[in-house]
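Welcome, and thanks for taking a look at this one with us. Please open the sequence and the structure side by side before reading on.

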Amino acid sequence: MPSSATSNRRHALRALCALLAPPFGMRAMAAGDPSEEAADCVIPAKAGGGFALTCALARDALQAVRPARPPLAQRYLPGGIGAVAFDRIATGKLGGPGTLVAFSSGSLLNLAQGRFGPHSPSAVRWIATLGTDYGVIAVHRDSPLRRLQDLVAALRQDPSRIAFGAGGTVGSQDWVKAALLVRAAGRDHKAMRFVSFEGGGDALSALQGRHVDAFPGDAAEALQAIAGGAAVRLLAVLSENRLGGALTGVPTAREQGVDLVWPTVRGLYLSADVPDAAVRAWTNAFREASAAPGYASLREQHGLYPFALTGSALDDYVQAQIKAYRQLADELGLRRWPTSR
């Protein structure tokens with residue numbers, strides 16, 4: 001018969017093993033492939049903007065290469081144009097292998113300024129970019145501003161007479177587009193009027209209602225609104241060269257004498273706490289999706305142009321953009337909050 005001491009040691013060992021072993025549900029997730037299982041795509045803004053387009057494309061692209069998986073659920077979490085979602089992921093309040101979050105170049109710009117809290121880019125795992133959008137300058141369809149030169153002339157006369165409306169606050173990427181346009185007109189960007197909205201959808205609604213004069217947003221969200229009957233006219237696309245498809249007839253800003261280019265890359269990230277196996281699974285899934293024969297057509301349907309990165313190439317891109325955006329923030333006199341490295 002075992003001694004009392006031996007029995008106590010056995011009970012202690014069993015208790016330790018129970019503490020160290022992950023719960024059944026976690027073991028099942030670790031053993032499975034999260035890209036094949038039910039998952040959410042978090043849209044960190046209100047409906048109608050570019051983040052929603054990103055999650056919709058991710059859902060459709062995954063379904064094409066993983067037809068047996070449940071469709072990627074769409075979940076809205078507005079707040080600070082991505083700040084609330086990023087903070088919750090970075091602090092562990094939200095996350096797991098089944099939670100993807102949409103990001104854009106605007107997210108990286110906000111990260112560069114410390115607007116997502118004291119979190120560094122390494123606070124999350126960057127999974128994939130799905131394509132790139134481009135900035136646009138849009139007005140109401142019946143606006144007297146018929147060309148970009150008309151808008152520039154109005155700004156040169158008095159930058160406060162034009163009310164820009166777009167997603168984000170001072171320092172956001174839409175604000176930066178407007179600021180750079182005002183500077184191109186030879187005026188101080190600090191004198192411009194900017195009305196902040198929680199996403200491009202609300203800003204485009206305000207433009208239709210003539211509550212603002214100009215929308216320095218992105219092409220995909222503007223085209224989506226136009227396709228839905230919105231009374232919106234595009235003055236310029238902020239690309240290096242003219243784009244095809246629905247933007248064939250829209251001149252670039254450069255063609256109209258304004259050297260302003262703004263690509264808006266769109267992609268997805270995961271919590272930094274997820275297992276490496278889950279990161280590999282999602283990376284491989286989106287790498288496979290972007291290489292699929294029908295992906296180009298699918299990407300075009302969502303208004304995006306080619307720009308697919310995963311793995312270390314994406315990590316390098318994020319770091320390079322953060323550095324460039326910090327320099328731009330300094331040029332525009334924007335405040336930068338400290339972040340962890």
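The model shown here is predicted. The protein chain has 341 residues, and 52% of them count as buried. The chain holds 12 helices and 10 strands.

**Overall layout**

- Taken along the principal axes, the C-alpha atoms of the protein chain fill a box of roughly 100 × 45 × 35 Å.

**Nonpolar cores**

- The largest nonpolar core has 78 residues, and the members that touch the most others are Trp126, Leu151, Phe164 and Leu181.
- Helix 12, spanning residues 311–331, gives the most to this core, with seven residues.
- A second, separate core has 33 residues, including Ala52, Cys55, Ile127 and Leu304.
- As general background, nonpolar side chains in soluble globular proteins tend to be buried together.
- Which residues does Leu151 contact, leaving aside its neighbours within four places in sequence? The partners of Leu151 are Ile137, Leu145, Ile162, Leu181, Ala214 and Leu235.

**Helix 12**

- From its first C-alpha to its last, helix 12 reaches 31 Å with 21 residues, close to the 30 Å expected at 1.5 Å a residue.
- Its buried residues are Leu314, Tyr317, Val318, Gln321, Ile322, Tyr325, Arg326, Leu328 and Ala329.
- An α-helix has 3.6 residues a turn, so residues three or four places apart point the same way.
- After helix 12 comes Gly333, with a positive phi near 70 degrees.

**The cavity**

- How many cavities of 30 Å³ or more does a search of the whole structure find? The search finds one.
- The largest cavity holds about 220 Å³ of space.
- Its lining is made up of 19 residues, with Phe51, Ile81, Ser104, Gln173 and Asp174 closest to the centre.
- Helix 3 (50–65), helix 5 and helix 7 each give two or more residues to this lining.
- Helix 5 gives the most, with three residues.
- Sorted by class, the lining of the largest cavity has 12 polar, four charged and three nonpolar residues.

**The pocket**

- The largest pocket contains about 250 Å³ of space.
- There are 14 residues in the lining of this pocket, and Leu223, Ala246, Glu300, Gly303 and Leu304 lie nearest its centre.
- Leu304 is also one of the residues in the second core.
- At least two lining residues of the largest pocket come from each of helix 9 (219–227) and helix 11 (295–301).
- Helix 9 gives the most to the pocket lining, with three residues.
- By class, the pocket lining has seven nonpolar, six polar and one charged residues.

- Asp174 sits in helix 7 and lines the largest cavity.
- Why does Asp174 count as buried? Asp174 counts as buried because its relative accessible area is 6%, and the cut-off for buried is under 20%.
- Beyond its neighbours within four places in sequence, Asp174 is in contact with Ala166, Gly167, Phe194, Pro216 and Gly217.
- Asp87 belongs to helix 4, residues 83–90, and is partly exposed at 26% relative accessibility.
- Asp87 and Arg335 are 248 residues apart along the chain, and their C-alpha atoms are separated by 19 Å.

- Most residues other than glycine have a negative phi.
- Ile81 has a positive phi, near 50 degrees, and lies in the loop between strand 2 (73–76) and helix 4.
- Is Ile81 buried or exposed? Ile81 is buried, with a relative accessible area of 17%.
- Arg210 has a positive phi too, near 60 degrees, and its place is the loop between helix 8 (200–208) and strand 8 (214–215).
- Arg210 is partly exposed, at 49% relative accessible area.

Terms used
Residues numbered from 1 in each chain as written. Predicted model: local features only at pLDDT ≥ 70, side-chain atom pairs only at ≥ 80, totals over all residues. Heavy atoms only, no water. 1 Å grid on protein atoms, 1.4 Å probe; cavity = no way out; pocket = protein on both sides within 12 Å on 5 of 7 lines; lining within 4 Å. Points joined across faces, edges and corners; volume = space filled by probe spheres on them. Helix = DSSP H or I, 4+ residues; strand = E, 2+ residues; numbered from the N terminus. Nonpolar A, V, L, I, M, F, W, Y, C, P; charged D, E, K, R; others polar. Core = buried A, V, L, I, M, F, W, Y, C linked by side-chain atoms within 4.5 Å. Buried < 20%, exposed > 50% of the residue type's maximum accessible area, 1.4 Å probe, protein only. Contact = heavy atoms within 4.5 Å. Expected span 1.5 Å × (residues − 1).
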